[in-house]
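Colleague: I'm new to this structure and would like a close look at a single part of it. Please pick one spot, start there, and then lead me on to other places worth a look.

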2 protein chains.
Amino acid sequence: MRPAPEDVRTVVCAGTGVIGGGWVAYFLARGYDVVAWDPAAGAEERLRHLVDAAWPALTELGLADGADRARLAYEPDLAAACGRADFVQESAPEDLDLKRRLLADIDAVTPEGVVVSSSTSGYGMTDMQTLCTNPGRTVVGHPFNPPYLIPLVEVVGGEQTDADVVSWTADFFRLAGKSVITMDREVPGFIANRLQEALWREALHMVAAGEATVEQIDLSITDGPGLRWPVHGPMLTFHLAGGQGGMAHMLDHFGPSLLSPWTRLVAAELTPELRDAVVDGCDREAAGRSIDDLVAERDRGVIAVLRALGRA
Amino acid sequence: MRPAPEDVRTVVCAGTGVIGGGWVAYFLARGYDVVAWDPAAGAEERLRHLVDAAWPALTELGLADGADRARLAYEPDLAAACGRADFVQESAPEDLDLKRRLLADIDAVTPEGVVVSSSTSGYGMTDMQTLCTNPGRTVVGHPFNPPYLIPLVEVVGGEQTDADVVSWTADFFRLAGKSVITMDREVPGFIANRLQEALWREALHMVAAGEATVEQIDLSITDGPGLRWPVHGPMLTFHLAGGQGGMAHMLDHFGPSLLSPWTRLVAAELTPELRDAVVDGCDREAAGRSIDDLVAERDRGVIAVLRALGRA
C-alpha cells in the first residue's frame with residue numbers, strides 16, 4: 001500500500017555514490033529513517049564519510065525534529081532493504097541497462113504501490129521501466145549535486161507511469177522540503193541539465209580550441225552572469241537587459257544578434273510565436289513587478305550574494 | 001598624454017543606455033568625475049533615473065571618498081565631452097557600422113594616447129577600429145549588466161591595438177574595483193557571453209518546442225545549478241561531481257554521456273589533450289584544495305547564497 005506523502009517514514013536509497021549518498025544525508029536531516037543499499041566494495045564507509053561531511057551544513061540549516069545519523073541503516077540485501085520502504089530513491093550509475101535491471105529488481109521486492117523514483121541525470125523513465133512488473137509506480141526524481149543542499153528536483157513520468165504517481169512524488173518531495181518542477185513530457189536531460197550541458201559543451205569547445213582556459217571560464221561565471229542566475233534565472237535576467245521595454249524590447253531589438261556566432265549552438269528561429277511565448281512567460285513570472293521593481297530586487301539579490309560569498 | 005591608471009580622474013561615458021548608464025553610476029560611486037554623452041532624445045532624464053535607482057545599492061556597498069552624483073556632467077557635444085577624458089568607455093547600441101563610426105569620431109576628439117574602451121557584447125575590436133586614425137588605443141572592455149554591481153570586465157584588443165593599451169586597461173579596471181579577464185585572442189562573444197548564449201539558445205529551443213516554459217527554465221536555474229555557479233563556476237563544480245576522483249574521474253567515467261542528446265549543441269570530441277587540459281586546469285584552480293576542502297567550501301557557499309536570498 002502506498003502511504004500518503006505525509007506518512008512516509010522510511011526512505012530506501014539504492015545506490016550511495018555522490019548523488020545517492022547526498023540523498024541519504026538529506027533524508028536523514030529531514031527526520032526520515034533511511035535504509036541504504038549499495039553493492040560496491042567499501043560503499044558503506046564512503047557513505048558514512050559523505051554523511052559526516054554533509055552533517056555540519058545540514059545542522060547549520062536546521063535539522064528536522066528527531067533527525068539523527070543513527071537512523072541510517074546499511075543493508076546489504078536489496079530485498080531486506082526495499083521490504084521496509086515507504087519510498088525508494090534509486091541512484092545507481094548512469095548506465096541504462098544497469099538501471100533497467102535494478103529498477104526491475106527493486107520493483108520485485110518493494111511493497112505494492114510504494115513509489116520507486118530514479119535520480120537519473122537524463123534517461124527517460126519510458127526507457128528505464130521496460131523490465132518492471134509494475135512500471136506504473138516508477139518515476140524520475142532528478143536532483144542536483146549535492147542533493148542535501150540544492151533544492152531542485154525534476155519529476156517526470158514515463159509512458160507507463162501512473163499519473164497519480166507523478167503527482168504523489170511531487171507532493172512527497174515538496175513535503176520533504178524540495179523545490180519541484182513537474183514536467184509533462186520526457187526530454188533527455190530534463191530542463192536544468194540541458195541548460196547546463198549547453199554551457200558545459202561550449203566551455204569544452206573553448207578549451208579545446210584554445211579560446212579560454214578552465215580558470216577563465218570559471219571566473220567569467222563566478223564574477224559575471226553566475227551572480228545574477230540564482231536571483232532571477234536566465235529569462236527574467238534578460239527581461240532586464242532591454243531597459244523599461246523588458247523582454248519584448250530585448251527580443252525585438254537584439255533579435256538579430258541571436259544569429260551572431262556567440263556560441264556553436266545554432267539559434268532558435270525567433271518566430272512571432274516564440275517571441276510571444278517568451279514575452280508572455282516573463283510577464284507571468286514578473287507577476288505585476290515592474291522593471292524598476294525587478295531591477296531593485298536583482299540589485300538586492302546580487303549584493304546579498306556578493307556579501308554572502310565575502311566578495312562585496 | 002595617457003595618464004597612469006591611478007591618475008585617471010575623468011571618465012567619459014559615450015552612450016548611456018542600460019549598460020552605459022550603469023557604467024556612469026559605477027564610476028561615480030568609485031569617486032570619478034563622469035562626463036556623459038548620448039544623442040538620443042530624453043537620454044539625460046533616463047540616465048539620471050538609472051543612476052538614482054542604482055545609488056542606494058552603491059551606497060550600501062560603500063562609496064569611494066568624494067563620490068557624488070553631482071560629479072556627473074551631461075554634455076551634448078561629443079568633442080566637448082571627450083576633450084576632458086582621461087578614459088573613454090563607449091556603450092553605443094550593438095550595431096557594427098554605428099560603432100565603427102562612433103569610435104572614429106571619439107578617436108578624432110579625444111586627447112592623444114587616452115584609451116578608448118568599448119562595451120560591445122561581442123564584436124572584435126579588429127572589426128570596430130577600422131575607421132580610427134589611432135586604432136592602437138582602442139580596446140574592448142566588456143562589462144555585464146548591471147555594470148555597477150557585476151564585477152567582471154573582459155578586456156581584449158584588436159589586431160591594431162597596442163599591447164600596452166590592453167595591459168593599461170586591465171590595470172585601470174582593476175584599480176577601479178573590477179574583476180578582469182584579459183583575453184589573448186578575439187572570440188565572438190568573448191567568454192561569458194558565449195557560455196550564457198549557449199544556455200539561452202537551448203532555453204529558447206526548449207520554449208519553441210514546448211519542452212519547458214519560461215517559468216520552469218528560470219526555476220530550474222535559480223533552485224538548481226544557479227546556486228553553485230557563483231561559488232565555483234561550471235568547471236570546478238563538475239570537479240566535485242566525480243567524488244574523490246575529481247574531474248579526471250568525471251571525464252573518464254561520464255565522458256560517454258557527453259554524447260547524450262542533452263542539448264542541441266554538438267559535443268566537443270573528448271581527445272586525450274582536451275581531457276588533460278580540463279583536468280590540469282581544475283588542478284591549477286583548486287590550488288592544493290582537496291575534494292573534501294572544495295566540497296566544504298561549496299557547501300558553505302551554497303548555504304550562504306540560499307540564506308542571502310532568504311531561501312534557506
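Modeller: Let's begin with Ala287(A), which is exposed at a relative accessible area of 61% (exposed is over 50%, buried under 20% and partly exposed in between, with a 1.4 Å probe and protein chains only). Its phi is near 50°, a positive value in a residue that is not glycine. You will find Ala287(A) in the loop that links α11 (272-286) to α12 (291-308) of chain A; helices here are DSSP runs of H or I with at least four residues, strands are E runs of at least two, and both are numbered from the N terminus.

Before we move on, please note that this is a predicted model, in which local features need pLDDT of at least 70 and side-chain atom pairs count only at pLDDT 80 or more, while totals for chains, interfaces and linings use all residues. Residues are numbered from 1 along each chain as written, chains are lettered from A and ligands numbered from 1 in written order, and side-chain values use heavy atoms without hydrogens or water.

Now go to β8 of chain A, residues 179-182, where Ile181(A) sits. Ile181(A) is buried too, with a relative accessible area of 2%. Its contacts (heavy atoms within 4.5 Å) include Leu152(A), Val153(A), Glu154(A), Val155(A) and Ile191(A), leaving aside residues up to four places away in sequence. Ile181(A) also touches Gln216(B), Leu219(B) and Ser220(B) of the other chain.

Gln216(B) and Ser220(B) are among the buried ones, along with Val214(B), Ile217(B), Asp218(B), Ile221(B) and Thr222(B).

Two peptide bonds deserve a stop as well. Asn145(A) and Pro146(A) are joined by a cis peptide bond with omega about -5°, and Pro146(A) belongs to the loop between β6 (138-142) and β7 (152-157) of chain A. In chain B a cis bond links Asn145(B) to Pro146(B), with omega about -5°; Pro146(B) is in the loop between β6 (138-142) and β7 (152-157) of chain B.

Let's finish with helix pairs in chain A. The axes of α1(A) (residues 18-29) and α2(A) (residues 43-61) come within 9 Å and cross at roughly 50°, so the two are oblique to each other. Where they meet, α1(A) supplies residues including Val18(A), Gly21(A), Ala25(A) and Leu28(A), and α2(A) supplies residues including Leu47(A), Val51(A) and Trp55(A).

For α9(A) (residues 229-239) and α10(A) (residues 246-254), the axes come within 6 Å and cross at roughly 80°. That makes α9(A) roughly perpendicular to α10(A) (65 to 115 degrees is roughly perpendicular, under 35 roughly parallel, over 145 roughly antiparallel and the rest oblique). Met235(A), Phe238(A) and His239(A) of α9(A) make this contact with Gly246(A), Met247(A) and Met250(A) of α10(A).

Terms used. Axes fitted to C-alpha atoms, helices over the stretch in contact; angles between N-to-C directions.
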